[in-house]
Amino acid sequence: MLPANYPRHARRTLLAVASLALPLAAAPALAGPEDFGPGPLITEYGQIADIDLTTALPEGATFKVAFDTATGSEEGSLNRTLTSAARFLNMHVANGVEAENLHLAIVIHGGAVDDVASATAAGNADLVATLLEHGVRVIVCGQSAAYYDVSREDLLPGVEMALSAMTAHALLQQDEYTLNPF
């Protein structure tokens, strides 16, 4: 109960906010981490959840998407952008998009270069190989590689070296790739 000396407009506002919050507080959670599982294309990486869609994916949809990361993985974990690319593939194949209609590229720069260099990739090496097997391009910024003293020969097999991340993105845009903001 609000004090009687509370201004009338303040009481109305608080009661309105409280009436909106009650249904939300009483509503059960619809999903959680336990609802995620392996996808149909890359079962080892990129877990997904089933979604009751209201926006259908068009039949015959084709995606050309570029991802970007400068953030390297923490020790003992996978690079989040690499796993996001696997999830992107799994989500779309699970929802009817043909795998051959999914064209992904991941531009790696900054500290993330270590996640695709043979000597420092650790657990990311298998993930990178799996993505490459599914046609994902992994492109390293040559400027970042030079900064971190990583040569082309130091990269995992199949990883490309570009002049720069900026150049890689410009070329991907000319090839009609869109940039995924995640």
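Colleague: Which residue is the bridge partner of Val107 in β3?

Modeller: The bridge partner of Val107 in β3 is Ile139, where strands, like helices, are DSSP runs numbered from the N terminus (strands E, at least two residues; helices H or I, at least four). This is a predicted model, in which local features need pLDDT of at least 70 and side-chain atom pairs count only at pLDDT 80 or more, while totals for chains, interfaces and linings use all residues. Residues are numbered from 1 along each chain as its sequence is written, and side-chain values use heavy atoms, with hydrogens and water left out.

Colleague: In what sense do β2 and strand β3 pair, and over how many bridges?

Modeller: Two strands pair if DSSP finds at least two bridges between them; β2 and β3 (residues 137-141) do so in the parallel sense over four bridges. Strand β1 (residues 63-69) also pairs with β2 in the parallel sense, over seven bridges, and Phe67 stands opposite Ile106 in β2.

Colleague: Why is strand β2 described as largely enclosed by the rest of the structure?

Modeller: Buried means under 20% relative accessible area, exposed over 50% and partly exposed in between, with a 1.4 Å probe and protein chains only. Six of the seven residues of β2 (residues 102-108) are buried, so this strand is largely enclosed by the rest of the structure.

Colleague: Which residues does Ala168 touch, leaving aside those up to four places away in sequence?

Modeller: Contact means heavy atoms within 4.5 Å, and on that basis Ala168 touches Val107, Ile139 and Ala162. Ala168 lies in helix α5 (residues 165-174) and is buried, with a relative accessible area of 6%.
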